[in-house]
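Welcome to a short tour with your viewer. Have the selection tool ready, and we will go from one stop to the next.

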Amino acid sequence: MELTIPGVATLHRDRDQAARRSGRGGDAETADAALAAAGDGRAFERLYRAHVARIHSLVRRMMGPDQADDVTQDVFVRAWNKLATFRAEAAFGTWLHRLAVNVILARRTTLGTERGRYDDSEDALEVVPSRPGAGVELSVDFEQAMGRLPDGARQVFVLHDIEGYRHEEIADMLGIVEGTSKSQLHHARMALRRHLER
Amino acid sequence: MKDQWTDRLSEYLDGELGAAERAALEGHLATCAECGATLAELRRVVARAGALHDRPPTADLWPAIAQHIGVVSLPARRARRRIAFTVPQLAAASVALALVSSATAWLLIRPGARGPVAEAPTPAPSAPATLATAAMYPDKRYAAQVADLERALERGRGQLDTTTVRVIEKNLRIINRAIREAQSALAADPANSYLNLHLAQEMRRKLELLRQAAALAGARS
């Protein structure tokens with residue numbers, strides 16, 4: 001199954017299962033999407049409530065907590081405006097997720113957060129404090145540690161290890177080469193292994 | 001300590017090494033405990049990432065989204081009803097109120113309609129299409145129900161205020177437009193279950209609106 005949103009890589013794998021995980025089911029959501037496209041705000045509110053946790057988590061992991069609420073709102077506003085383009089060829093959640101990635105990447109460019117994001121050096125690892133044997137750092141959980149990664153490493157890690165995109169797709173989305181995507185992923189993993197629960 | 005294979009461990013883990021490199025790395029892992037330990041940690045990182053749970057925002061973002069896209073959130077709708085209708089009877093029937101009012105509005109804007117709502121907006125050219133409801137659907141029972149409710153609503157429409165009438169007029173126009181568009185699309189694609197479901201939902205919405213509107217108009221007369 002393929003669906004394309006401009007600026008977002010075409011996906012070849014079936015990600016509908018993940019989308020359904022946060023949704024209420026295909027038929028009900030397709031019906032709500034149709035109602036919402038016709039102007040039914042309550043139907044859209046149901047879609048919002050079914051998917052806001054997944055979208056907000058994606059945004060928070062990609063952009064950090066400070067931007068999460070604002071960008072999540074933007075995702076749903078854009079989804080409302082683009083509902084007419086939803087063809088029910090995939091789950092609504094899949095369509096929404098791809099739209100969200102598109103919004104995140106556009107916002108990331110607008111904010112200029114890409115500065116230094118593809119630093120391929122080992123110095124990037126130093127941004128994430130290593131976990132000491134004891135002390136306050138023990139309370140830093142895995143997701144917080146992700147937030148301390150450099151932008152590029154964090155985005156590649158989220159897209160690959162959490163969202164399931166391939167390096168080819170990530171490279172296309174982020175405008176980098178596959179080798180850089182692989183390198184960023186490895187650096188992110190190497191940094192995060194110090195924050196695993198023991 | 002790093003060796004030449006450390007930076008290839010993620011690719012190995014993801015199955016992205018060629019056969020020759022894979023075999024070489026596996027040979028190395030058999031003798032390098034440090035790389036073996038690092039690989040195990042990387043596996044745990046990947047597993048941990050896959051086990052993350054989604055969390056909703058701490059604050060409800062819907063009211064701001066609803067305001068931005070021009071729809072009314074449920075709490076806002078409730079609040080507005082409390083302000084607009086002070087009669088206890090109407091407060092008890094809060095959800096029905098807006099719907100009831102709008103149905104009456106439609107009646108007041110029908111061609112040739114009489115009544116005290118001269119300030120009501122001129123109906124759009126498509127508004128008279130509401131009269132064609134009975135002819136729009138093959139289901140005679142549905143058409144008869146709609147016609148009955150329209151008559152009941154007309155009898156009691158003078159009991160509703162003009163603001164309520166305008167709301168009903170707007171709602172009915174929206175629903176009727178959605179019904180017409182669904183019917184038009186279905187004419188081209190009759191087997192489309194998605195469109196059939198949409199049409200059925202819109203028809204139910206219209207019936208419910210008329211039912212509640214007629215009930216309120218009757219209660220006030």
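Two residues are in contact when their C-beta atoms, placed from the backbone, lie within 7 Å. Select both chains: 35 residues of chain A are in contact with 33 residues of chain B. This is a predicted model, where local features need pLDDT of at least 70, side-chain atom pairs count only at pLDDT 80 or more, and totals for chains, interfaces and linings use all residues. Residues are numbered from 1 along each chain as its sequence is written, while chains are lettered from A and ligands numbered from 1 in the order in which they are written.

Next, select residues 41-63 of chain A, which form helix H3 (helices are DSSP runs of H or I, at least four residues, numbered from the N terminus). H3(A) gives the most to the side of chain A that touches chain B, with nine residues.

Where do H3(A) and H4(A) meet? Among the residues there are A:Tyr48 and A:Val59 in H3(A), and A:Val75 and A:Trp80 in H4(A).

Last, select A:Ala188. Leaving aside neighbours within four places in sequence, A:Ala188 is in contact with A:Leu149, A:Ala153, A:Arg154, A:Val156 and A:Phe157.

Technical notes
Helices (H or I, at least four residues) and strands (E, at least two) are DSSP runs, numbered from the N terminus.
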